[in-house]
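Biologist: I would like to go through this model with you, a few places at a time. Could you put it on the screen?

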Amino acid sequence: MSDFNEKYRARFEKLSTTNVSDAMDALGYRGATYGIRPMTPDWGKVVGPAVTMRMTAAGMTKGKTHLGIRAIEAAEKGDIIIIDNGGRLDISCWGGILANGAKMKGVGAVVIDGACRDLDDCIDIDFPVYARGTVVATARGRAMEESTNVMIQFGGVQVRPGDIVMGDRSGIVIVPAELVDKVLDKAEELYEKEEMMIAEIRAGASSLEVDTKYNYEKMLK
């Protein structure tokens with residue numbers, strides 16, 4: 001975790017998820033998810049190593065702990081808890097008690113392929129939650145935590161513990177840990193080109209001229 005903070009955090013925070021997603025496309029990797037956004041526009045960019053959690057349906061086999069507790073305990077300051085609940089919107093898998101525990105632990109955010117509840121509590125303590133939506137129904141008797149810190153699927157993308165999770169108002173992108181240097185280098189290159197394009201348009205150049213000059217459609221080649 002300290003290695004991520006020292007080497008990468010500032011570089012990621014300068015970029016957008018779209019820069020990073022484009023870089024991964026250019027390099028031939030898939031990292032873009034869909035439909036998972038901050039539950040209030042006030043929450044901006046989040047980034048950090050993944051602590052993963054997988055949900056499953058409740059049934060005869062019972063859960064041993066309140067879902068999410070093991071993920072919070074495993075997390076280090078700045079980590080992102082990422083939950084695979086298969087996109088379910090009928091039940092919650094994150095609420096106010098967990099948000100307070102995660103906030104006290106220094107967790108950077110929770111991102112959920114599914115729904116959260118107790119959003120007012122999360123807003124009150126300024127703990128960022130990214131999800132597909134909100135719901136009032138509890139997970140009790142409906143769903144339980146199957147496993148913590150194992151490989152999961154999130155919005156159609158593979159995520160392993162320690163992979164980098166990045167979110168902003170556009171959504172969530174996942175960067176495999178072993179690709180971080182390569183992806184950041186490419187994302188920064190794309191960011192600089194786009195900033196130059198924007199600067200020229202704001203200075204009065206026509207959009208067509210700028211598009212032709214920078215060959216935008218082939219920037220990812």
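Biologist: Leaving aside its neighbours within four places in sequence, which residues is S170 in contact with?

Modeller: S170 is in contact with T17, T18 and R37, where contact means heavy atoms within 4.5 Å. This is a predicted model, in which local features need pLDDT of at least 70, side-chain atom pairs count only at pLDDT 80 or more, and totals for chains, interfaces and linings use all residues. Residues are numbered from 1 along each chain as its sequence is written, and side-chain values use heavy atoms, with hydrogens and water left out.

Biologist: Where does S170 sit, and how many residues separate it from E13?

Modeller: S170 belongs to the loop between β10 (164-168) and β11 (171-175). Helices (H or I, at least four residues) and strands (E, at least two) are DSSP runs, numbered from the N terminus. Between S170 and E13 there are 157 residues in sequence and 14 Å in space, C-alpha to C-alpha.

Biologist: And S16, what does its side chain join?

Modeller: The side chain of S16 makes a polar contact of 2.7 Å with that of T18. A polar contact is a pair of N or O atoms within 3.5 Å; within protein, one must be able to donate a hydrogen and the other to accept it, and residues adjacent in sequence count only if both atoms are side-chain atoms. S16 is placed in the loop between α1 (2-14) and α2. With neighbours within four places in sequence left aside, S16 is in contact with K45, M166 and D168.

Biologist: Which residues of α2 are buried?

Modeller: In helix α2 (residues 17-27), the buried residues are T17, N19, V20, S21, A23 and M24. Buried means under 20% relative accessible area, exposed over 50%, and partly exposed in between, with a 1.4 Å probe and protein chains only. As background, an α-helix has 3.6 residues a turn, so residues three or four places apart point the same way. The residue following α2 is G28, with a positive phi near 90°.

Biologist: Which residues have a positive phi although they are not glycine?

Modeller: D118 and D126 are two of them, each with a positive phi of about 55°. Most residues other than glycine have a negative phi. D118 is in the loop between β4 (109-116) and α5 (119-124), and D126 is in the loop between α5 and β5 (129-131). D118 counts as partly exposed because its relative accessibility is 34%; D126 counts as partly exposed because its value is 45%.

Biologist: Changing topic: how many disulfides does a search of the whole structure find?

Modeller: The search finds 0 disulfides, a disulfide being a pair of cysteine sulfur atoms within 2.5 Å.

Biologist: Now E145: buried or exposed?

Modeller: E145, in strand β7, counts as buried because its relative accessibility is 6%. The side chain of E145 reaches the backbone nitrogen of G68 at 2.8 Å. Not counting residues up to four places away in sequence, E145 touches M53, R54, M55, H66, L67, G68, I69 and R70.

Biologist: What is the volume of the largest pocket, and which residues lie nearest its centre?

Modeller: Its volume is about 450 Å³. Among the 23 residues that line the largest pocket, H66, L67, T138, A139 and R140 lie nearest its centre. On a 1 Å grid over the protein atoms alone, a cavity is a set of points where a 1.4 Å probe fits but cannot get out, whereas a pocket is an open set with protein on both sides within 12 Å along at least five of seven lines; lining residues have an atom within 4 Å of a point. Grid points are joined across faces, edges and corners, and a volume is the space filled by probe spheres set on the points.

Biologist: Which elements each supply at least two residues of that lining?

Modeller: α4 (96-105) and β7 (143-148) each do. By class, the lining has 9 nonpolar, 9 polar and 5 charged residues. Ala, Val, Leu, Ile, Met, Phe, Trp, Tyr, Cys and Pro count as nonpolar, Asp, Glu, Lys and Arg as charged, and the others, Gly among them, as polar.
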